[in-house]
Amino acid sequence: MHDFCFTIPYGLLILVGGLVGYARRGSTASLAGGAGSGLLLLLAGFVSLKAFEKRRNSSLALILETVCALILAYVMGQRYLETFKIMPAGVVAALSALMSGFYLYKIATGGNHIPSKAE
């Protein structure tokens with residue numbers, strides 16, 4: 001599975017979560033953290049997709065995705081340990097930890113598998 005297949009939906013989920021947190025509670029931290037991280041993840045996902053369409057890997061996109069996921073897992077994991085609230089801290093921490101593992105796996109295996117050009 002290619003990293004952008006998961007990164008784009010993951011980025012959208014984080015972005016929407018940040019916007020909802022701001023709309024419901026007026027939380028600028030949700031807006032900055034969620035929308036900022038979500039937009040970075042979407043950008044990285046689209047860069048990776050465009051690189052794949054050109055039959056290349058984008059190491060920069062994969063590193064950006066990994067760093068965002070690791071930071072979200074750490075920050076939201078800390079928030080979960082302080083509040084024990086499943087939503088949003090626990091869910092985002094767990095999802096980000098899973099995505100971090102996936103990205104680290106992709107880095108260890110050399111990125112996206114580029115199929116050979118069949119003529």
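I take the expected span of a helix as 1.5 Å times one less than its number of residues. Helices here are DSSP runs (H or I, at least four residues), numbered from the N terminus. The model is predicted, so I note that local features need pLDDT of at least 70, side-chain atom pairs count only at pLDDT 80 or more, and totals for chains, interfaces and linings use all residues. Residues are numbered from 1 along each chain as its sequence is written, and side-chain values use heavy atoms, with hydrogens and water left out.

Entry 1, length. I checked α4: its 23 residues reach 31 Å from first C-alpha to last, close to the 33 Å expected. Just after α4, I found Gly110 with a positive phi of about 95°.

I looked up helix α1 (residues 3-25) and helix α4 (residues 86-108), which pack at about 155° with axes 11 Å apart (axes are lines fitted to C-alpha atoms over the stretch in contact, and angles run from 0 to 180 degrees between N-to-C directions). That makes α1 roughly antiparallel to α4 (over 145 degrees). On the α1 side the contact (heavy atoms within 4.5 Å) includes Phe6, Tyr10 and Leu13, and on the α4 side Leu95, Met99 and Phe102 are among the residues.

I see the axes of helix α3 (residues 59-83) and α4 come within 7 Å and cross at roughly 150°. That makes α3 roughly antiparallel to α4.

I list Ala89, Gly90, Met99 and Phe102 among the buried residues of α4 (under 20% relative accessible area, 1.4 Å probe, protein chains only). Their cover includes α1, α2 (28-53) and α3.

How values were computed
Helix = DSSP H or I, 4+ residues; strand = E, 2+ residues; numbered from the N terminus. Parallel < 35°, antiparallel > 145°, perpendicular 65-115°, else oblique. Buried < 20%, exposed > 50% of the residue type's maximum accessible area, 1.4 Å probe, protein only.
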